[in-house]
Amino acid sequence: MQRFADKVVIVTGAAGGIGSAVGRRLHGEGASVVLIDRNSDAVAALAESLGGRAIGMAVDVTVPAENQRMVERAVEHFGALHGAFLNAGMEGEAGPLESLVEETWSRVLAVNFHAVRWGLVACIEPLRRAGGGSIVITASVAGLIGVPGFGPYASSKHAVMGLMRTAATELAPLGIRVNSVNPGPVDNRMMRSIEQQISPGHGDEVKTKYLTRIPLGRYMTNEEVAAVTLFLLSDDARGVVGAHYVVDGGILSS
Ligand SMILES: NC(=O)c1ccc[n+]([C@@H]2O[C@H](COP(=O)([O-])OP(=O)(O)OC[C@H]3O[C@@H](n4cnc5c(N)ncnc54)[C@H](O)[C@@H]3O)[C@@H](O)[C@H]2O)c1
């Protein structure tokens, strides 16, 4: 399937589990991809492994001007921009609300919320010039329910839901669709970190406990999140605006 032939798409957090799965799959479906991460070696290696139609770029998305630079580079290199997957994120430190330091709140909000805002705003003009496009934001089930012990993370993901819905309604008249993908626990680095933070040295036990709350009985995979993301980025979803697509194995329905 070549749903993205002649399309140019930016992926942030492209060195990570979900971002790299989306970058690979977009490329496989014909897209030219701009792979963004602060981990420059990893995005360079991913771009290299994909061959043509892929560039890697080291960007710290928490620097507003860097978001502008990534968009300009995409247009310079590939001639236009048709989509963006704003996905870079971090879990931050765990702890009860009263124990968390200011630094944790500001870092998590900077990456998971403000950087998404800057990235989204930077994409508007080139997407408008292309006659429209699609922006997908990675939120989380933590953007829809509270998560004890992860206040900054859940707050940042709730904030991004407000941004997504507002941008969706503001930008739809320009032909720019904005939606979110909201994963539950995904079997990758971020969940290993969360499990270890909750019970250092006993991550496996935390995972076993989490699994009892997932009707599907397992964590999601990066590829399962990528499949839904590609749908939202593609013209198959041309009527989908301001929606959140949950990929959580049934957690929120149980
Ligand atoms: N893993 C899960 O269980 C899960 C569940 C729900 C939502 N999410 C969300 O999915 C997204 C992707 O996470 P993942 O699971 O692939 O984890 P990950 O840690 O593998 O990937 C996150 C990527 O973002 C990059 N990044 C972080 N801060 C950055 C910055 N300032 N500038 C540029 N890049 C930066 C990291 O280098 C990393 O490559 C995140 O937004 C995360 O909150 C993950």
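Thr104, Trp105, Val108, Leu109, Asn112, Phe113, Val116, Arg117, Leu120 and Ile124 in helix α4 meet Pro152, Tyr153, Ser156, Lys157, Ala159, Val160, Leu163, Ala167 and Leu171 in helix α5. Contact here requires that the C-beta atoms of two residues, placed from the backbone, lie within 7 Å. Colleagues, I begin with this helix pair and then turn to the sheet.

Two remarks on conventions come before that. The model is a predicted one, in which local features need pLDDT of at least 70 and side-chain atom pairs count only at pLDDT 80 or more, while totals for chains, interfaces and linings use all residues. Residues are numbered from 1 along each chain as its sequence is written. Helices (H or I, at least four residues) and strands (E, at least two) are DSSP runs, numbered from the N terminus.

Two packed helices are described by the angle between their axes and the distance between the axes. Helix α4 covers residues 102-129, and it packs against α5 at an angle of about 15°, with the axes 8 Å apart. Such axes are lines fitted to C-alpha atoms, for helices over the stretch in contact, and the angles run from 0 to 180 degrees between N-to-C directions. The two helices are therefore roughly parallel to each other, a term for angles under 35 degrees; over 145 counts as roughly antiparallel, 65 to 115 as roughly perpendicular and the rest as oblique.

Helix α4 has another partner. The axis of α3, residues 64-78, comes within 8 Å of that of α4, and the two cross at roughly 35°. This crossing, too, is right-handed. On the α3 side the residues are Pro64, Asn67, Gln68, Val71 and Val75, and they meet Trp118, Gly119, Ala122, Cys123 and Pro126 in α4.

Which residues does Leu171 touch, not counting those up to four places away in sequence? They are Ile124, Ile176 and Val178. Leu171 belongs to α5, which spans residues 151-171. Leu171 counts as buried because it has 22 C-beta neighbours inside 10 Å. The cut-offs are 20 or more other C-beta atoms within 10 Å for buried, 12 or fewer for exposed, and partly exposed in between.

I now come to the sheet. It is an open sheet of seven strands in the order β3-β2-β1-β4-β5-β6-β7, with parallel pairing. Strands β3 (54-58) and β7 (244-247) stand at the edges with a single partner strand each, so one side of each has no neighbour in the sheet. On average, neighbouring strands of this sheet are turned by 15° against each other, direction ignored. Two strands pair if DSSP finds at least two bridges between them. Helix α4 lies across β1, β4, β5 (133-138) and β6, and runs at about 175° to β4.

How many bridges join β1 to β2? There are five, and β2 comprises residues 32-37. Within this pair, Thr12 stands opposite Ile36. On the other pairing, three bridges join β1 to β4, residues 83-86, and Val11 stands opposite Phe85. Strand β1, helix α1 (residues 17-28) and β2 make a right-handed β-α-β unit. Right-handed means that, with the strands pointing away from the viewer, the path from the first strand over the helix to the second runs clockwise.

Strand β1, residues 8-12, has five of its five residues buried. In a regular strand the side chains alternate between the two faces of the sheet. Here Val8, Ile10 and Thr12 lie on one side and Val9 and Val11 on the other.

Strand β6 pairs with β5 over six bridges, and Val136 has Asn179 as its bridge partner. With β7 there are four bridges, and Pro183 is partnered by Val247. Strand β5, helix α5 and β6 make a right-handed β-α-β unit.

For Asp6, in the segment before β1, phi is near 70°. Asp6 counts as exposed because it has 12 C-beta neighbours inside 10 Å. For Arg53, in the loop between α2 (40-50) and β3, phi is near 60°. Arg53 is partly exposed, with 15 other C-beta atoms within 10 Å.

Technical notes. A crossing is left-handed if the near helix is turned anticlockwise from the far one by less than a right angle, and right-handed if clockwise.
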